[in-house]
Amino acid sequence: FNHMARKLAQQFSALSTMAEIDRSILSILDTDKIVDNATHHMKKLFKADLIGVFLFDFQFEGRYLARAYIETADPYTDRIIEDIEIDPEDAQNLYDNPEITVIEHGDQIPQYLLHFEKSKVQSLVILPIYIRKRLQGVIAMGSVDSDVFDKEEQLESRQLANQVAVALSNARLIEELDQLN
């Protein structure tokens with residue numbers, strides 16, 4: 001009974017957090033603020049030691065250039081923001097697994113997640129972001145504990161990635177309208 005009560009409390013907390021994420025993410029029209037907000041809520045909702053949001057700028061000959069935003073669980077470490085390149089094989093893996101990819105200890109980590117490998121993550125969830133059926137980015141969450149992301153958390157993280165995709169789509173639409181004016 002106590003276990004069931006804890007599980008229900010956890011689920012209500014997750015639902016409340018997801019509703020808060022909906023309100024905040026969808027009201028923001030600045031890409032950097034959307035990423036800030038999403039990573040803040042993801043750290044609160046999931047047991048992730050590292051969260052990375054990779055937004056693709058453009059594709060050239062099968063290679064993607066992306067802006068990487070990487071947050072650690074350490075409050076004294078600044079967020080890492082850098083431009084990276086995602087090779088065609090890693091991009092193809094994202095196309096082949098459009099929902100969720102889970103990487104456990106011992107599996108090969110994609111090259112663009114080098115910071116995750118250096119931080120010795122044991123469990124990793126990769127969530128591609130699609131806008132208008134085109135791959136536009138990736139959200140990755142890593143934990144130094146193995147088997148930390150259960151099925152329920154994976155589904156919740158997929159839902160959050162979809163919310164981020166909608167918010168990014170709105171922000172890009174506003175940017176395009178501003179450019180037309």
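1. A salt bridge here is a side-chain nitrogen of Lys or Arg within 4 Å of a carboxyl oxygen of Asp or Glu. The model is a predicted one, and a search of the whole structure returns three such salt bridges.

2. D83 and R67 form one of them, with N and O 2.8 Å apart. Since D83 belongs to strand β3 and R67 to strand β2, the pair ties together parts that are 16 residues apart in sequence. D83 is exposed, at 53% relative accessible area, because the cut-off for that class is over 50%. R67, at 32% relative accessibility, counts as partly exposed.

3. The side chains of R79 and D36 also meet in a salt bridge, with a distance of 1.7 Å from N to O. R79 sits in the loop between β2 (63-72) and β3 (80-86), and D36 sits in helix α2, so this contact ties together parts that are 43 residues apart in sequence. Both residues are classed as partly exposed: R79 has a relative accessibility of 22%, and D36 has a relative accessible area of 37%.

4. R79 has a further partner in E71, the closest N and O atoms of that salt bridge being 2.8 Å apart. E71 counts as buried, at 15% relative accessibility, because buried means under 20%. Through shared partners, the salt bridges join D36, E71 and R79 into one network.

5. Helix α2, which carries D36, covers residues 31-45, 15 residues in total. From its first C-alpha to its last it reaches 21 Å, close to the 21 Å expected at 1.5 Å a residue. The buried residues of α2 are T31, I34, V35, N37, A38, T39, H41, M42 and L45. An α-helix has 3.6 residues a turn, so residues three or four places apart point the same way. Among the buried positions of α2 are I34, A38 and H41.

6. The largest pocket holds about 220 Å³ of space. It is lined by 14 residues, and those closest to its centre are D90, N93, Q108, I109 and P110. By type, the lining divides into six nonpolar, five polar and three charged residues.

7. Which elements supply at least two residues each to the lining of the largest pocket? They are α3 (88-96) and β4 (101-104). Helix α3 gives the most, with four residues.

Technical notes: Residues numbered from 1 in each chain as written. Predicted model: local features only at pLDDT ≥ 70, side-chain atom pairs only at ≥ 80, totals over all residues. Heavy atoms only, no water. 1 Å grid on protein atoms, 1.4 Å probe; cavity = no way out; pocket = protein on both sides within 12 Å on 5 of 7 lines; lining within 4 Å. Points joined across faces, edges and corners; volume = space filled by probe spheres on them. Nonpolar A, V, L, I, M, F, W, Y, C, P; charged D, E, K, R; others polar. Expected span 1.5 Å × (residues − 1). Buried < 20%, exposed > 50% of the residue type's maximum accessible area, 1.4 Å probe, protein only.
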